Amino acid sequence: MCQALLEIMEPEINKIKEQTIKETAHKEASENAANMLKSGKFSPEEIKKYIPRLSVEEIKTLAERLCLNADLNH
């Protein structure tokens with residue numbers, strides 16, 4: 001009975017695992033991009049080259065949330 005239930009639930013469990021992995025990877029990418037922005041050495045476009053998981057728009061939004069009003073196009 002347990003095995004049958006596990007077989008039924010396996011596709012849903014796999015979806016949850018996959019979503020968790022994607023969310024974790026996106027969070028890590030955002031944290032790395034935030035650190036790069038805080039350094040002041042990278043533009044959003046440059047960060048995109050190193051962290052392709054994030055769009056330039058996401059990086060710019062992150063910069064705005066970090067209150068970085070410096071020129072983002074250096």
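Which residues make up the largest nonpolar core? In this predicted model, that core consists of Ala29, Ala33, Ala34, Met36, Leu37, Ile47, Ile51, Leu54, Ile59, Leu62 and Ala63, which is 11 residues in all. Helix 1 and helix 3, the latter spanning residues 56-65, each supply at least two residues of this core, and helix 1 gives the most to the core, with 5 residues. As background, nonpolar side chains in soluble globular proteins tend to be buried together.

**Overall layout**

- The protein chain has a secondary structure of 3 helices and 0 strands, and when the chain is read along its sequence the pattern is α-α-α.
- Helix 1 covers residues 2-39, helix 2 covers residues 44-50, and helix 3 covers residues 56-65.
- The protein chain has 74 residues, of which 20% count as buried.
- Among the contacts in the protein chain with a separation of 6 or more, 50% are accounted for by residues 24 or more positions apart.
- The protein chain has an accessible surface of about 5,800 Å², and 57% of that surface belongs to carbon and sulfur atoms.

- Which residues of helix 3 are buried? They are Val56, Ile59, Leu62 and Ala63, and because these buried residues fall within an arc of 120° when seen down the axis of helix 3, they line one face of the helix.
- The buried residues of helix 3 pack against helix 1 and helix 2, while on the other side of helix 3 the residues Glu57, Glu64 and Arg65 are exposed.
- The C-alpha atom of threonine 61 is separated by 9.7 Å from the C-alpha atom of proline 44, although the two residues are 17 residues apart along the chain.
- Helix 3 is followed by cysteine 67, whose phi is positive, near 60°.

**Salt bridges**

- How many salt bridges does a search of the whole structure find? The search finds 3 salt bridges, and in general side chains of opposite charge can pair when their charged atoms come close.
- Glutamate 18 forms a salt bridge with lysine 22, with the closest N and O atoms 3.4 Å apart, and both of these residues lie in helix 1, 4 residues apart, which is about one turn of the helix.
- In this pair, glutamate 18 counts as partly exposed because its relative accessibility is 47%, and lysine 22 is partly exposed with a relative accessible area of 45%.
- Glutamate 31 and lysine 27 meet through their side chains in a salt bridge of 3.9 Å, N to O, and these two residues also lie in helix 1, 4 residues apart, about one turn of the helix.
- Here glutamate 31 counts as partly exposed, at 42% relative accessibility, whereas lysine 27 counts as exposed because its relative accessibility is 54%.
- Glutamate 45 forms a salt bridge with lysine 60, with the closest N and O atoms 3.9 Å apart, and this pair links distant parts of the chain, since glutamate 45 is in helix 2 and lysine 60 is in helix 3, 15 residues apart.
- Within that pair, glutamate 45 counts as partly exposed at 32% relative accessibility, and lysine 60 is partly exposed with a relative accessible area of 29%.

- Which residues make a nonpolar surface patch of about 470 Å²? This patch is made by Leu5, Leu6, Ile8, Met9 and Ile13.
- One of these residues, leucine 5, is found in helix 1.
- Is leucine 5 buried or exposed? Leucine 5 counts as exposed because its relative accessibility is 51%, and exposed residues are those over 50%.

Terms used:
Residues are numbered from 1 along each chain as its sequence is written. This is a predicted model: local features need pLDDT of at least 70, side-chain atom pairs count only at pLDDT 80 or more; totals for chains, interfaces and linings use all residues. Side-chain values use heavy atoms; hydrogens and water are left out. Patches are made of residues with over 30% relative accessible area and no salt bridge: like charges are joined within 9 Å, nonpolar side chains (Val, Leu, Ile, Met, Phe, Trp, Tyr) within 5 Å. Accessible areas come from the Shrake-Rupley method with a 1.4 Å probe; for residues, only the protein chains shown count as cover. A salt bridge is a side-chain nitrogen of Lys or Arg within 4 Å of a carboxyl oxygen of Asp or Glu. Buried means under 20% relative accessible area, exposed over 50%, partly exposed in between (1.4 Å probe, protein chains only). A nonpolar core is a set of buried Ala, Val, Leu, Ile, Met, Phe, Trp, Tyr and Cys residues joined through side-chain atoms within 4.5 Å. Contact means heavy atoms within 4.5 Å. The arc is that of the directions from the helix axis to the C-beta atoms.
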